[in-house]
Amino acid sequence: CSSMNNKNWPACVKKVRELLRKFNIVRIAVDSGGGGTTVEDLLQEEALMEPGDQLIWRFDDEEHRRYNGAHILGMVNFCPTWISEANYGLAADLEHQKILFPYRNIEAEAGEDAEEIWTELEDQKDEMCKIVVTATKTGVQHFDVPEIAASQQGTLTSNQRKDRYSALLLSSWAARNYIVDN
């Protein structure tokens with residue numbers, strides 16, 4: 001878990017490429033809105049690659065199949081149906097222990113990034129706990145952080161984010177999608 005608040009798009013893509021080099025990543029899920037298509041374009045930018053890196057293409061696009069590189073990218077449109085299915089899928093993954101959070105063992109920690117990693121994980125769990133489900137008159141469900149009073153918006157907005165939760169939602173969806181496809 002690593003947040004990239006206030007980072008530019010190339011820095012975010014460099015972080016993705018760093019994770020690709022470090023782990024055997026078989027699927028990447030990106031919100032197609034909010035800069036997702038920019039991330040997709042930059043994953044196909046050779047100038048941001050290091051030796052051994054591959055261009056990253058959509059896994060479900062037939063036209064992209066003819067391009068060399070890793071076909072592991074899933075672009076997600078956060079429409080109401082997807083949001084509902086992904087949230088219930090994430091809940092099931094957590095309940096059935098398909099997703100586990102690590103236990104902090106202070107004695108076993110090593111490296112200078114350990115504290116930052118634990119802070120990110122704790123912030124992610126806090127975001128998850130703040131999610132509230134509401135429904136419109138038509139029955140469309142919203143999974144969001146609660147509204148805050150206008151008088152407190154200046155002080156509480158940083159605590160009312162759900163970026164890490166959304167990233168977990170995307171990764172849970174990507175994992176389920178990959179397992180079904182393979």
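**Close-up views of a predicted model**

**View 1. The largest nonpolar core.** Of the 16 residues in this core, Trp82, Leu90, Tyr165, Leu169 and Trp173 touch the most other members. H3 and H6 are the elements that give two or more residues to the core. H6 gives the most, with six residues. The model shown here and in every view below is predicted. Leucine 169 is in contact with Trp82, Ala86, Asn87 and Leu90, leaving aside its neighbours within four places in sequence. Another core, of 13 residues, lies apart from this one; among its members are Val13, Ile28, Val30 and Leu73.

**View 2. Helix H3 and its cover.** H3 runs over residues 80–95. Its 16 residues should span 22 Å at 1.5 Å a residue, and the end C-alpha atoms are 23 Å apart, which agrees. Which residues of H3 are buried? They are Trp82, Ser84, Ala86, Asn87, Gly89, Leu90 and Asp93. An α-helix has 3.6 residues a turn, so residues three or four places apart point the same way. What covers the buried residues of H3 includes strand E3 (70–76), strand E5 (141–144) and H6. After H3 comes glutamine 97, with a positive phi near 55°.

**View 3. The three-stranded sheet.** The strands form an open sheet in the order E1-E3-E2, with parallel pairing. E1 and E2 stand at the edges with a single partner strand each, so one side of each is left without a neighbour in the sheet. Neighbouring strands are turned by 40° against each other on average, direction ignored. Four bridges join E1 and E3 in the parallel sense. Methionine 75 in E3 stands opposite valine 30. Valine 30 also belongs to the core of 13 residues. H2 lies across E1, E2 and E3 and runs at about 170° to E3.

**View 4. Salt bridge between aspartate 53 and arginine 21.** Side chains of opposite charge can pair when their charged atoms come close. Here the side chains of aspartate 53 and arginine 21 meet at 2.8 Å, N to O. Aspartate 53 lies in the loop between helix H2 (36–43) and strand E2 (56–58), and arginine 21 in helix H1 (residues 9–22), so the pair ties together parts that are 32 residues apart in sequence. Aspartate 53 counts as buried at 15% relative accessibility. Arginine 21 is partly exposed, at 41%. The structure holds twelve salt bridges.

**View 5. Salt bridge between arginine 27 and aspartate 181.** The two side chains meet at 3.8 Å, N to O. Arginine 27 sits in the loop between H1 and strand E1 (28–31), while aspartate 181 is in helix H6 (residues 163–181). The pair links distant parts of the chain, 154 residues apart. Is arginine 27 buried or exposed? Arginine 27 is buried, with a relative accessible area of 14%. Aspartate 181 is partly exposed, with 46%.

View 6. Glutamate 127 forms a salt bridge with arginine 164; their closest N and O atoms are 2.7 Å apart. Glutamate 127 lies in helix H4 (residues 114–130) and arginine 164 in helix H6, so this pair ties together parts that are 37 residues apart in sequence. Both glutamate 127 and arginine 164 are buried.

Key:
Residues are numbered from 1 along each chain as its sequence is written. This is a predicted model: local features need pLDDT of at least 70, side-chain atom pairs count only at pLDDT 80 or more; totals for chains, interfaces and linings use all residues. Side-chain values use heavy atoms; hydrogens and water are left out. A salt bridge is a side-chain nitrogen of Lys or Arg within 4 Å of a carboxyl oxygen of Asp or Glu. Buried means under 20% relative accessible area, exposed over 50%, partly exposed in between (1.4 Å probe, protein chains only). The expected span of a helix is 1.5 Å times one less than its number of residues. Contact means heavy atoms within 4.5 Å. A nonpolar core is a set of buried Ala, Val, Leu, Ile, Met, Phe, Trp, Tyr and Cys residues joined through side-chain atoms within 4.5 Å. Two strands pair if DSSP finds at least two bridges between them. Axes are lines fitted to C-alpha atoms, for helices over the stretch in contact, and angles run from 0 to 180 degrees between N-to-C directions.
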